[in-house]
Amino acid sequence: MSHLAEDQVAGVLRQWIGTTTPKLLGEGMDGAVYEVDDSRVAKIWFAGSVESSRRAAAFYDALTAKPLPFQVPRITQVESVGGRVVTIERRLTGTTVAAALAAGAVSREDAYTIVVDIVAALAAGGGLPAARELAVLGEDSPLFSAGEGFPAALGRLAERRVERFRPVLSGAVADLDRKAAALTSRLVEVDSELNPEL
């Protein structure tokens, strides 16, 4: 599904949370975020399912239990409204790194440091089994199959993406099948050092 016109947004949000004048806070690749009140936002997803959003909610709950030095999203409600997945989420305080960069509040080097610090904090938090239930790249099913390691999951993902985009790739990539097979073969040999049980 694609982006919604303002009247469609108003219709979706009115059905669920009663607002008639939705205020857009931001929009990304996955969806658009609207103000509900001082502590909550509503996100209208451009694609995906209620089930995938519920898996994301479980992941955020698990992440919140970690001793992290920053806030993480929390999804408190997931519904299908007007054919769209809508989530109600905790409203996070502060500003985005992109906005801080644009305003000159942080330098590019500081922004890199912020991102590295976040990744380091996430890594230091230990295993997170709920992450194995997440989908990637606009897919609806979890990346991992039960007991599967990252290299095998990545190889299967590459195969699916090649098939999905075959009409475009076959006209742009010479000897596509051989190259795709070679890529998949290399991916499954990657030593991720990840425990398949995490």
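R178 and D175 pair through their side chains in a salt bridge, 2.4 Å from N to O; the term covers a side-chain nitrogen of Lys or Arg within 4 Å of a carboxyl oxygen of Asp or Glu. D175 is partly exposed at a relative accessible area of 43%, where buried would be under 20%, exposed over 50% and partly exposed in between (1.4 Å probe, protein chains only).

## What the model is

This is a predicted model, so local features need pLDDT of at least 70 and side-chain atom pairs pLDDT 80 or more, while totals for chains, interfaces and linings use all residues. Residues are numbered from 1 along each chain as its sequence is written, and side-chain values use heavy atoms, with hydrogens and water left out.

Helices here are DSSP runs of H or I with at least four residues, strands are runs of E with at least two, and both are numbered from the N terminus. R160 is partly exposed, at 28% relative accessible area.

Then there's D177 with R166, another salt bridge, at 2.9 Å from N to O. D177 belongs to helix 7 (residues 176–188) and R166 to helix 6 (residues 166–172), so the contact ties together parts 11 residues apart in sequence. R166 comes out partly exposed too, at 25% relative accessibility. Shared partners also join E139, R160 and R161 into one network of salt bridges.

## The sheet and its helix

Five of them make an open sheet in the order 1-2-3-5-4, with antiparallel pairing; two strands count as paired if DSSP finds at least two bridges between them. Strand 1 (24–27) and strand 4 (75–81) are at the edges with a single partner strand each, so one side of each has no neighbour in the sheet. From one strand to the next, the twist averages 20°.

Strand 2 (residues 31–35) and strand 3 (residues 40–45) run antiparallel and are joined by 5 bridges, with G31 opposite W45 in strand 3. Helix 2 (residues 50–64) packs on the sheet and touches strand 3, strand 4 and strand 5 (84–90), contact being heavy atoms within 4.5 Å. The direction of helix 2 makes about 175° with that of strand 4; axes are lines fitted to C-alpha atoms, for helices over the stretch in contact, and angles run from 0 to 180 degrees between N-to-C directions.
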